[in-house]
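I opened the model to go through its helices, its sheet and its backbone exceptions. My entries follow in the order in which I looked things up.

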Amino acid sequence: MATYVAKPAVPNQDKRWKLVDAAMRRMGQQSRGLIETLHTVQEAFGYLDEQALRYVAGSLRVPLSRAYGVASFYHYFTLKPTGKHSCAVCTGTSCHIKGSGELLATAKRELGIEPGNTTARGEVSLVSERCIGPCGLGPVVVYDEEFAAEETVEALTTRLKGWKTP
Amino acid sequence: MTPERLEQIAQSEREAQARFTDTVNVCTATGCLASRSQSVKDALDKEIAGRGWGNRWQVKGVGCLGLCSEGPLVSTRSGTLYKRVTAADAGEILDHVGREPAKRLLCPTNVPFFQRQLKIATENSGIVDPERVEDYIASRGYSALIHALREMSQAQVIQEVTKSGLRGRGGAGYPTGLKWSTVAKAVGTQKYVICNADEGDPGAFMDRSVLESDPHRVIEGMLIAAYAVGASQGYIYVRAEYPLAIQRLRAALPQAEQLGLLGTDICGTRFNFRIELRVGAGAYVCGEETALIASVEGKRGTPRPRPPYPAQAGLLGQPTLINNVETFANIPPIIRKGGDWYAGIGTEKSKGTKVFSLTGQIRHTGVVEVPMGINLRDMVFEVGGGIPEGRSFKAVQTGGPSGGCIPSESLDTPVDYESLAHLGSIMGSGGMVVMDESTCMVDVAKYFMDFCMTESCGKCIPCRVGTYQMRRILSAITNMAATQKDLAMLEELCDLLKNTSLCGLGQSAPNPVVSTLKCFAMEYKAHIENHNCPAGVCGKRAERVSA
């Protein structure tokens with residue numbers, strides 16, 4: 001016999017939950033809308049926290065373990081807040097043979113963090129992208145939304161230094 | 001939508017375009033946008049408005065013009081191509097429209113990069129505005145769909161596709177007609193058509209280019225497939241790393257719905273079909289069809305054993321047709337011109353054309369569509385223009401992390417499914433990365449193993465643990481700390497992963513290692529016995545670590 005599970009209450013008064021609810025409605029409140037819903041949460045809030053995962057899992061009636069499983073399986077989802085700026089180094093094949101390894105190493109050293117993390121003061125998030133597609137222009141680094149083609153170690157260092165609060 | 005109505009839309013669009021004396025096309029695909037083509041388009045628009053030429057000249061944002069390394073690219077209707085255009089060049093370009101082209105910016109089009117191409121799947125790239133369905137219709141878009149729906153039975157459509165000899169462009173090369181007829185024959189209450197746009201191979205961007213340049217072409221291909229197999233629901237699974245492709249598909253789907261090309265009773269027949277977009281979330285393994293289905297169902301993208309194949313039991317247990325972007329893009333011309341026409345192009349077993357993304361240490365990088373059977377040497381030295389800065393060619397990598405490296409001795413091989421497989425590589429989805437003498441092949445093998453290790457979903461042990469162990473040994477080799485025993489172990493692991501992994505990712509993960517071991521054994525030997533990296537890549541890195 002199926003047990004009726006009440007839809008959990010909205011975590012707080014934040015208006016962004018309306019977007020999340022709308023996304024779940026669009027997917028017919030079905031569990032197969034989990035990934036789409038998590039995309040919406042991440043777009044609205046920047047990352048997926050425990051509260052959001054509990055709310056989405058409860059609303060779509062999937063075990064919390066499955067929601068967490070999906071959120072942690074896919075690289076695109078992040079469970080931690082991201083920094084004010086983002087520095088994404090493409091590590092696709094074409095960028096790799098043109099020296100993206102050196103760029104990533106420099107960024108790691110400059111920021112003192114591993115890819116997938118944010119500096120302690122929340123200035124910069126470092127991302128290692130698998131391949132973003134403009135391979136003819138490699139090595140490519142994306143600063144926030146801006147593409148830098150044929151990026152050099154010097155330009156990268158200057159940019160990152162400028163982002164860090166003294 | 002009737003054929004008459006479609007013709008009417010095409011006619012009025014063609015007339016509207018003919019009113020302009022000339023059209024300036026600006027590439028607005030990711031490659032050129034990354035080198036700021038949007039500012040070039042804005043500057044051209046402003047310049048035209050400033051000169052009061054608004055009703056004589058038209059500026060059009062178009063899809064990929066191909067030669068990404070020379071972007072931003074601008075072309076004119078009369079056939080002139082300009083390269084590396086900046087916003088400041090807008091006036092100069094307009095001064096020369098209809099006259100002698102501006103020499104300073106001219107990009108020659110009589111070179112093999114353009115001359116050797118035969119565009120079928122990408123025939124509209126760089127010509128139509130991907131954001132306007134009318135422009136697609138003016139280039140005979142959706143006429144194949146209407147022809148199929150009105151004049152052909154479902155069996156006839158499948159027969160035409162079978163006759164064309166088209167094989168899956170995602171990499172495996174399974175005959176498309178055969179796949180379609182299996183789904184058509186399968187019994188199910190609901191059938192699905194899925195477009196695999198999860199182009200994960202690093203260094204491959206053909207599907208991105210097709211989606212960004214001509215989204216309606218893929219939709220039309222899916223519609224024809226859905227009609228042929230009897231499906232009423234479709235999904236396009238596109239990777240999150242391609243925001244522009246997602247944006248263009250999101251714009252294209254409602255346009256098609258509005259014209260009654262998607263939805264219920266399409267073109268006055270009883271055929272219903274809807275398409276939903278599913279955005280991936282960054283998992284390479286989701287390019288594998290059973291993993292992709294799991295992801296569309298909102299689950300972790302882990303593969304499952306086949307059979308049953310998705311054609312029998314796919315999405316939600318129902319018969320499901322999964323084809324790649326490029327496969328669907330080839331369908332409308334096959335229906336329009338006939339299977340025999342398509343089968344007349346290419347080689348005996350690999351028909352038609354293939355879109356490749358040519359990158360790496362090569363002069364001309366970009367997206368090219370060439371007939372199957374073209375020589376690898378011609379691909380690298382003619383189409384690609386050879387290696388820049390006087391360095392020498394070392395290898396060409398095809399098929400991404402599942403493929404292999406092909407050395408210069410084997411360059412006289414024709415590009416087709418069988419020949420590449422014979423060389424220990426694969427056709428793959430079409431990524432071609434050229435490497436010169438400054439690349440260390442052991443480092444490349446390590447790079448791909450690193451990729452497979454990170455992307456292994458963890459479900460089966462040979463892949464999960466095997467990729468880790470292989471990566472560890474390759475790391476030791478590049479750090480000059482490996483022994484002959486390690487090498488023997490590496491070879492053993494290649495065999496193990498190939499034969500015991502659950503899905504294609506694990507089974508093909510050793511390919512880059514196997515192919516480099518076979519063709520570049522000397523480099524492995526140099527690292528292990530002489531503690532020396534012939535290309536100078538690994539040594540440099542060791543110094544840096546110690547410094």
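Which residues are buried in helix α7 (residues 143-151) of chain B? I found Ala144(B), Leu145(B), Ile146(B), Ala148(B) and Leu149(B) to be buried there. I count a residue as buried if 20 or more other C-beta atoms lie within 10 Å of its own, as exposed if 12 or fewer do, and as partly exposed in between, with C-beta atoms placed from the backbone. Helices (H or I, at least four residues) and strands (E, at least two) are DSSP runs, numbered from the N terminus.

**Ground rules.** This is a predicted model, in which local features need pLDDT of at least 70 and side-chain atom pairs count only at pLDDT 80 or more, while totals for chains, interfaces and linings use all residues. Residues are numbered from 1 along each chain as its sequence is written, and chains are lettered from A and ligands numbered from 1 in the order in which they are written.

**Around α7 of chain B.** I then looked up what covers the buried residues of α7(B), and the cover includes α1 (3-18), α8 (154-164), α11 (215-229) and α14 of chain B. I take two residues as in contact if their C-beta atoms, placed from the backbone, lie within 7 Å.

Helix α14 (residues 325-337) of chain B is itself mostly covered, with eleven of its 13 residues buried. Among them are Phe328(B), Ile331(B), Pro332(B), Pro333(B) and Ile334(B), and also Glu326(B). Gly338(B) follows α14(B) and has a positive phi, near 95°.

**The sheet of chain B.** I traced an open sheet of five strands, in the order β10-β9-β13-β11-β12 (chain B), with mixed pairing. Two strands pair if DSSP finds at least two bridges between them. The edge strands are β10 (366-371) and β12 of chain B, each of which pairs on one side only. From one strand to the next the twist averages 30°.

What joins β11 to its neighbours in chain B? Strand β11 (residues 393-398) of chain B runs antiparallel to strand β12 (residues 404-407) of chain B, with four bridges between them. Val396(B) stands opposite Ile406(B) in this pair. Five bridges join β11(B) to β13(B), also antiparallel, and here Gln397(B) stands opposite Val433(B). In a regular strand the side chains alternate between the two faces of the sheet. The hairpin of β11(B) and β12(B) has five residues between the strands, and in it Gly399(B) takes a positive phi near 80°.

**Where the chains touch.** I found 35 residues of chain B in contact with 29 residues of chain A. On the chain B side, α2 (30-34), β9 (353-360) and β13 (431-436) each supply at least two residues. That side divides into 13 nonpolar, 17 polar and five charged residues. Ala, Val, Leu, Ile, Met, Phe, Trp, Tyr, Cys and Pro count as nonpolar, Asp, Glu, Lys and Arg as charged, and the others, Gly among them, as polar.

**Chain A.** I counted seven helices and five strands in chain A. Of its 166 residues, 41% count as buried. The C-alpha trace of chain A spans about 65 × 35 × 25 Å along its principal axes.

I checked one helix pair. The axes of helix α2 (residues 34-45) and helix α4 (residues 64-73) of chain A come within 11 Å and cross at roughly 65°. Axes are lines fitted to C-alpha atoms, for helices over the stretch in contact, and angles run from 0 to 180 degrees between N-to-C directions. α2(A) and α4(A) are therefore roughly perpendicular, the word for angles of 65 to 115 degrees. Leu34(A), Ile35(A) and Leu38(A) in α2(A) meet Ala67(A), Val70(A) and Ala71(A) in α4(A). This contact divides into six nonpolar, no polar and no charged residues.

**Backbone exceptions.** Most residues other than glycine have a negative phi, and most peptide bonds are trans. In chain A, a cis peptide bond joins Gly138(A) and Pro139(A), with omega about -5°. Pro139(A) is in the loop between β3 (124-129) and β4 (141-143) of chain A. In chain B, the bond from Pro307(B) to Pro308(B) is cis, with omega near 0°. Pro308(B) sits in the loop between α13 (289-296) and β8 (320-324) of chain B.

Glu150(A) is not a glycine, yet has a positive phi of about 45°. Glu150(A) is partly exposed, with 15 other C-beta atoms within 10 Å. Arg140(B), in the loop between α6 (133-138) and α7 of chain B, has a positive phi of about 65°.

Terms used
Parallel < 35°, antiparallel > 145°, perpendicular 65-115°, else oblique.
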